[in-house]
Amino acid sequence: MGRVEGKVAFITGAARGQGRSHALRLAQEGADIIAIDIAESLPGMDRYYEGATEEDLAETVKQVEALDRRIVARKADVRDYDGLKAALDEGVAELGHVDIVSANAGIFVFGDQTHLVSDEEWQLVTDINQTGVWHTAKAVIPHMIEQGTGGSIIITSSTAGLKGTPNVAAYTASKHAVVGIMRTLALELAPHRIRVNTVHPTGVATDMILNEATFKLFMPDAEHPTQEEAAPIFESTNALPVPWVEPIDISNAVLFLASDEARYITGNELKVDAGYTIK
Amino acid sequence: MAGRVEGKVAFITGAARGQGRSHALRLAEEGADIIAVDLCDDIPNVAYSSATEEDLAETVRQVEALDRRIIARKADVRDRDAMKAVIDEGVAELGKLDIVVANAGICVIAGWDETSVEVWDQTISTNLTGVWNTVQLTAPHLIAAGGGSMILTSSAAGLKGLPFLTAYVAAKHGVVGLMRAFATELAEHSIRVNTLHPTGVNTPMADPRTMEKFGPLLEAHPKLGPMMTNLLPVESTEPRDQSNAVLFLASDEARYVTSMEFTVDAGNTQY
């Protein structure tokens, strides 16, 4: 019997990286999945890293189905409330209910001092990382309240949701903001036995950070820094002797919070950060 | 299927009953062997019955029924020589040490002006110095094992100033300080240190004789009553809820989780 057997999980940003890993880990433990992803590259993001694709989302579907679980996957943008809600409602109609939410979709932009960040970039990050989480909650909460069976909402924040991060102002602000959303929702939803928590990863080995642009954030003087060159610098930011963690480490935390093992855990900031925030 | 802490060895203080026994059983269910200690003696000033040697023997019986090994000894967390002897004996017998659960603690309810020097001293020495003894004496074995996980039982009262528990609140806040300090220093050895913050748990410590002590105090200070409220609609949690968190933190699923205050408090500290 899986640890989330018979539950249904709604996951945003599920085409690859942490989102896909969460889908697979929850499916391994018996959950069906409703997955959305924007599945396209965003204008202006090309200076950082490539966006996920529809092929990526199709691969998540294939891997979940290989675990003999059902999945409803749709291309949807967390900035577009109507699109997000339509995808979720379709998933709930097909799979019967929704018990777990992983508000995971997010973008990482960086490199400029706060006073040099453009209005466009500030707005893009805020719309996706902050408003997107609110849209996710807004769409799913009526389902969960109506079901009357409780539930678990897990919002992906960051170490940058607990500490300042130089030259990463918009992202840091958005990741702090979702802690505020979490705390408020934990209060509002407790009478319905809906638990709300954040997870706070340090760097995770996904496309979002394993790219030259991110390496340059840590090594501004290097022309083309490699992953091997960047690893010791990343490691110096963590207390535990590791440069970054793997998607599965975040997924294991999401799984725990999603399961009934954590039935009395709400309002918690769960750090999976190798000690990043203690330094 | 391999257990979630298969092949690991866990040292647990206060393991005769209540949360400590529950932690021993949950970890044993998932494949760990256990080194267990408990005072097993009358504790002055507490309103509830103290654990007995029979309780500790029952923990042994239940762990062995799960086909796991257990070394259980009567020892006081305040007695460093006794603690060191048990830890060293247990590690010699079971081969190593990977998980430490500093769970032993006492709770005396009294208004600030009715808290005696004796209650202050016994609470600080058991709930704070006892945790320091546990961590400091086990750390060398975890270093020798190449890493590990320590879980220190604090409380909702380790994060907020719950009323009529001055010594307990001070000690449980102190445990958070110990956790942070050791997490920092032991990280280079891949040892993780976290605190557990339960709200009320359905154990012998929370028997009606304990809880009724709150009655007249809360009547005299009604404004403080809501501080005891859980957000989620439950009066108290079960030991197994705390043990599931201990299991997660003890397992490799949490291999990069350190220096964190892990609340299993039904939202008490958010209220």
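The paragraphs below walk through a predicted model with chains A and B, beginning with the sheet of chain B.

In chain B, seven strands line up in an open sheet whose order is E3-E2-E1-E4-E5-E6-E7, and the pairing is parallel. Strand E3 (70-74) and strand E7 (261-264) of chain B have a single partner strand each and stand at the edges, so one side of each is left without a neighbour in the sheet. From one strand to the next, the twist averages 15 degrees. In general, the strands of a sheet are paired through backbone hydrogen bonds, in either a parallel or an antiparallel way.

Six of the six residues of E2(B) are buried, so the strand is mostly covered by the criterion of 20 or more other C-beta atoms within 10 Å. The cover extends to both faces of E2(B): B:Asp33, B:Ile35 and B:Val37 are buried on one side, and B:Ile34, B:Ala36 and B:Asp38 on the other.

E2(B) is joined to strand E1 (residues 9-13) of chain B by five bridges, and the two run parallel. Within this pairing, B:Ile12 has B:Ala36 of E2(B) as its bridge partner. Five bridges also join E2(B) to E3(B), again in parallel, and here B:Ile34 has B:Ile70 of E3(B) as its bridge partner. E1(B), helix H1 (residues 18-29) of chain B and E2(B) form a right-handed β-α-β unit, and another right-handed β-α-β unit is made by E2(B), H2(B) and E3(B).

Which residues touch the most other members of the largest nonpolar core? In this core of 175 residues, they are A:Leu26, A:Ile33, A:Ala35, B:Ala10, B:Leu27, B:Ile34 and B:Ala36. The element that gives the most to the core is helix H5 (residues 166-186) of chain B, with ten residues. Leaving aside residues up to four places away in sequence, B:Ala36 touches B:Ile12, B:Ala15, B:Ala24, B:Leu56, B:Thr59, B:Ile70 and B:Ala72. Nonpolar side chains tend to be buried together in soluble globular proteins.

Chain A also has an open sheet of seven strands, in the order E3-E2-E1-E4-E5-E6-E7 and with parallel pairing. Its edge strands are strand E3 (71-75) and strand E7 (269-272) of chain A, each pairing on one side only. The twist in this sheet averages 15 degrees from one strand to the next. Strand E4 (residues 100-103) and strand E5 (residues 151-156) of chain A pair in the parallel sense over four bridges, with A:Ile154 in E5(A) as the bridge partner of A:Ser102. Helix H4 (residues 119-147) of chain A packs on the sheet, where it touches strand E1 (8-12), E4, E5 and strand E6 (194-201) of chain A, and its direction makes about 175 degrees with that of E4(A).

Finally, the two chains meet in a contact that takes 26 residues from chain B and 27 residues from chain A. On the side of chain B that touches chain A, the elements giving two or more residues are H5, helix H8 (239-250) and E7 of chain B. The residues of that side divide into twelve nonpolar, nine polar and five charged.

Key. Residues are numbered from 1 along each chain as its sequence is written. Chains are lettered from A and ligands numbered from 1 in the order in which they are written. This is a predicted model: local features need pLDDT of at least 70, side-chain atom pairs count only at pLDDT 80 or more; totals for chains, interfaces and linings use all residues. A nonpolar core is a set of buried Ala, Val, Leu, Ile, Met, Phe, Trp, Tyr and Cys residues joined through C-beta atoms within 7 Å. A residue is buried if 20 or more other C-beta atoms lie within 10 Å of its own, exposed if 12 or fewer, and partly exposed in between; C-beta atoms are placed from the backbone. Two residues are in contact if their C-beta atoms, placed from the backbone, lie within 7 Å. Two strands pair if DSSP finds at least two bridges between them. Axes are lines fitted to C-alpha atoms, for helices over the stretch in contact, and angles run from 0 to 180 degrees between N-to-C directions. Ala, Val, Leu, Ile, Met, Phe, Trp, Tyr, Cys and Pro count as nonpolar, Asp, Glu, Lys and Arg as charged, and the others, Gly among them, as polar. A crossover is right-handed if, with the strands pointing away from the viewer, the path from the first strand over the helix to the second runs clockwise.
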